[in-house]
Amino acid sequence: MKAIRDALVIAWINGWIAAVRGWVWVVTNAITPLSFLVILAVYGGAEGLRWGLAGGLVWTVASNGISLIGDAAYYRLAIKYQSMLTAAPVSPIGYALGLALSSFVFSLPTLAAYVAISLWLGLGLLTPPAAYALITLWLASAGIGFTLSSLVKHMRYAWSLPQILSTVFTVAAPVYYPASLLPSPYLGVVMPTGAAGILIQQAAGLAAYDIWLTAAAAVALAIQSISGLYFLIKLAKWREP
């Protein structure tokens with residue numbers, strides 16, 4: 001319970017208050033997936049808009065977790081925020097989850113807009129499989145982001161690495177296109193973004209995958225999210241640099 005309380009307090013300070021006072025970062029967070037959404041809607045019409053919404057949800061959640069690389073490294077290396085909390089009675093898991101939730105707060109307006117438009121278009125994105133895909137994707141990407149942040153030695157890499165990884169995780173995986181376009185659709189489950197994309201595309205009725213592929217995507221996401229939590233809790237550095 002203490003870890004949850006620590007996480008909520010950190011999320012309130014670093015997430016809610018920061019988002020209210022620095023709303024421009026909320027807009028920045030939405031720019032890239034919104035750009036894809038507009039392009040797909042212009043060239044693909046209503047069908048492109050549906051693919052843009054499904055892909056935008058995956059991109060927003062994944063980039064949200066991966067962006068922890070920059071935030072956590074900044075707090076650890078630049079302003080020594082982590083060092084201050086190390087001396088305070090704050091648990092490592094509370095701190096890590098708090099940073100992950102803080103980043104998630106910045107994405108809430110974007111996610112709410114995507115969900116509202118999806119409901120308007122009749123996309124089945126408020127289904128248990130879609131919710132499972134987004135929650136496990138968030139856990140997996142947050143684990144990747146926080147763990148990699150602990151390996152960053154200099155701030156010059158902390159801001160560029162999330163941009164590279166977000167692009168690779170979203171473009172190389174079937175997020176904005178069906179997994180059937182890959183040499184083997186099962187390659188799509190290798191990355192958490194691809195596995196989540198398969199489940200969401202199936203839930204939204206954008207693609208009709210066989211049950212074995214969706215089962216593989218669900219299992220892969222479970223393993224990736226548990227691994228992300230493990231790395232986040234056990235391997236993330238909790239000490240002064």
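The structure is a predicted model, in which local features need pLDDT of at least 70 and side-chain atom pairs count only at pLDDT 80 or more, while totals for chains, interfaces and linings use all residues. Residues are numbered from 1 along each chain as its sequence is written, and side-chain values use heavy atoms, with hydrogens and water left out.

Two of the annotated spans can be set against the model. Residues 30-46 are 100% helix and 0% strand, with end C-alpha atoms 20 Å apart, and residues 95-123 are 93% helix and 0% strand, with end C-alpha atoms 36 Å apart. Helices (H or I, at least four residues) and strands (E, at least two) are DSSP runs, numbered from the N terminus.

A straight helix of 44 residues would span 64 Å at 1.5 Å a residue, yet helix 2 spans only 20 Å between its end C-alpha atoms; the expected span is 1.5 Å times one less than the number of residues. Helix 2 bends by about 150° at Gly 44, where the bend is the angle between axes fitted to the seven residues ending at a residue and the seven starting there. Gly 44 is partly exposed, with a relative accessible area of 35%; buried means under 20% relative accessible area, exposed over 50%, and partly exposed in between (1.4 Å probe, protein chains only).

For helix 5, the 30 residues should span 44 Å at 1.5 Å a residue, and the end C-alpha atoms are 42 Å apart, which agrees. Just after helix 5, Gly 122 takes a positive phi of about 80°.

## The nonpolar cores

A nonpolar core is a set of buried Ala, Val, Leu, Ile, Met, Phe, Trp, Tyr and Cys residues joined through side-chain atoms within 4.5 Å. The largest such core has 50 residues, of which Tyr 95, Leu 99, Phe 146, Val 189, Ile 198 and Ile 200 touch the most other members. Two or more residues each come from helix 2 (23-66), helix 3 (68-78), helix 4 (81-86), helix 5 (92-121), helix 6 (128-149), helix 9 (192-204) and helix 10 (211-235), and helix 2 gives the most, with 9 residues. Apart from this core lies another, of 9 residues, among them Ile 66, Leu 77, Met 155 and Phe 169.

Contacts (heavy atoms within 4.5 Å) show the surroundings of individual residues. Leaving aside residues up to four places away in sequence, Ile 198 touches Pro 174, Ala 179, Pro 185, Gly 188, Val 189, Tyr 209, Leu 213, Thr 214 and Ala 217.

Gln 201, placed in helix 9, counts as buried at 0% relative accessibility. Beyond residues up to four places away in sequence, Gln 201 touches partners including Trp 51, Pro 174, Val 175 and Leu 206. The side chain of Gln 201 makes a polar contact with the side chain of Tyr 209 (2.5 Å), and one of its polar atoms lies 3.3 Å from the backbone oxygen of Tyr 177. A polar contact is a pair of N or O atoms within 3.5 Å; within protein, one must be able to donate a hydrogen and the other to accept it, and residues adjacent in sequence count only if both atoms are side-chain atoms.

Ser 150 is found in the loop between helix 6 and helix 7 (155-158) and counts as buried at 4% relative accessibility. A polar atom of the Ser 150 side chain lies 2.6 Å from the backbone oxygen of Thr 147.
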